[in-house]
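Trainee: I would like to learn how to read a pair of packed helices. Can we work through a case together?

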Amino acid sequence: MAVANKETYKKLCETEGERIPLFLQHWWMEAVCCGKQWDVALAYNKDGSIAGALPYLISSKFGLRYILQPQLTQYNGPWYNCPDGLSVRKRLLFQYDVDRQLIDSLEKLKLAFFSQNFAPSLSNVQTWLPYYWAGYSQTTRYSYRFDPIPEKETFLKLMSKRDRRRKIEAFLDSVSEDYAVSPDEFTTFYLNYWMSLGKRCVLTGDFVKRLCETVLERGSGMIVGLRQRGNDQLLGAKFVVYDSSCAYSLMSAFLRTHDYIGISSCLVWFAVCKLANISRAYDFEGSMDKGIEYFYRSFGATPVPYHHVWKCFNPMLKPFVAHFIAN
């Protein structure tokens, strides 16, 4: 059944194209779940056509099965193949029926724990409500977005003059942007950045390189580099993925022997300006960490809520789940 579902979903993604968000695409799940098991719950209309879908990464430990977000995947959640022209009442009924089918599929998996982030576009009461009725819990989290992406002059005016604009303006004469950084160079630079922090990177080099290659080959992302003028030294790099609806900042690395706050500010500047003609919105993939939140907010982006939806099916895990949710 798992293979059949994935093949059906692959055909659906090929047919529907960008109507299905990037992080829910079949090719994306294949890339970020490489070597792991993933599947998709499908909901159907009465005529047998697909009404909705919910891709998920499923893992197991000590005999317990659970669903969590895949690596570098900020959002999953349901997708609704809702017909055009429905009234609000009929649209709600359609979504409720899709959610009921998706929840039924999840319940049949005999999970110990379920945890997914639903995209900001799904942060409305009707999306969360059926899961509440089924005993799921919800925590509101926040990201920061430009929607739409502003023009250069507007972008500059939106920033905090003290914290961002002056940093960027001070750097622009001494650095140059590079959109031709290779996956090999980015991977090495990214892993070295984590070593400079004295921390172990949770991503392997093979994973980072393979994902960059896959995304670049599909024309669904870019690597933005920042080089020192004069010696061409790579000071910072950012990996961004996108479709026509939204771009997402996934990985960043900096040379910490330099002003990495200035470098990271310039990387955002070049990335956002470049994406203005590629995608409608830019998602910073915000953090609930106070310091990171402040950095994103200082660019003038708008806070957007999204649902973290979860359910602990195994009562023995509840103390661990409480710690997981809090962090």
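Trainee: What should the 14 residues of α8 span at 1.5 Å a residue?

Mentor: Keep in mind that this is a predicted model. At 1.5 Å a residue, α8 should span 20 Å, and its end C-alpha atoms lie 20 Å apart, so the two values agree.

Trainee: Which residues of α8 are buried?

Mentor: Phe 207, Val 208, Leu 211, Cys 212 and Val 215. Down the axis of α8, these buried residues fall within an arc of 125 degrees, so they line one face of the helix. The face turned away from that buried side carries exposed Asp 206 and Glu 217.

Trainee: What do the buried residues of α8 pack against?

Mentor: Their partners are α2, α7, β8, β9 and β10.

Trainee: How do I describe the packing of α7 and α8?

Mentor: Two packed helices are described by the angle between their axes and the distance between the axes. Here the axes of α7 (183–196) and α8 (205–218) come within 9 Å and cross at roughly 145 degrees. The crossing is right-handed.

Trainee: Which residues of α7 and α8 meet?

Mentor: On the α7 side, Pro 183, Asp 184, Phe 186, Thr 187, Tyr 190 and Leu 191. On the α8 side, Gly 205, Val 208, Lys 209, Cys 212, Glu 213 and Leu 216. By class, the contact has 7 nonpolar, 2 polar and 3 charged residues.

Trainee: What covers the buried residues of α7?

Mentor: The cover includes α8, β8, β9 and β10. Among the buried residues of α7 are Phe 189 and Tyr 193.

Trainee: Which residue follows each helix?

Mentor: Gly 198 follows α7, with a positive phi near 75 degrees. Gly 219 follows α8, with a positive phi near 70 degrees.

Notes:
Residues numbered from 1 in each chain as written. Predicted model: local features only at pLDDT ≥ 70, side-chain atom pairs only at ≥ 80, totals over all residues. Heavy atoms only, no water. Axes fitted to C-alpha atoms, helices over the stretch in contact; angles between N-to-C directions. Helix = DSSP H or I, 4+ residues; strand = E, 2+ residues; numbered from the N terminus. Left-handed = near helix turned anticlockwise from the far one by under 90°. Contact = heavy atoms within 4.5 Å. Nonpolar A, V, L, I, M, F, W, Y, C, P; charged D, E, K, R; others polar. Buried < 20%, exposed > 50% of the residue type's maximum accessible area, 1.4 Å probe, protein only. Expected span 1.5 Å × (residues − 1). Arc of directions from axis to C-beta.
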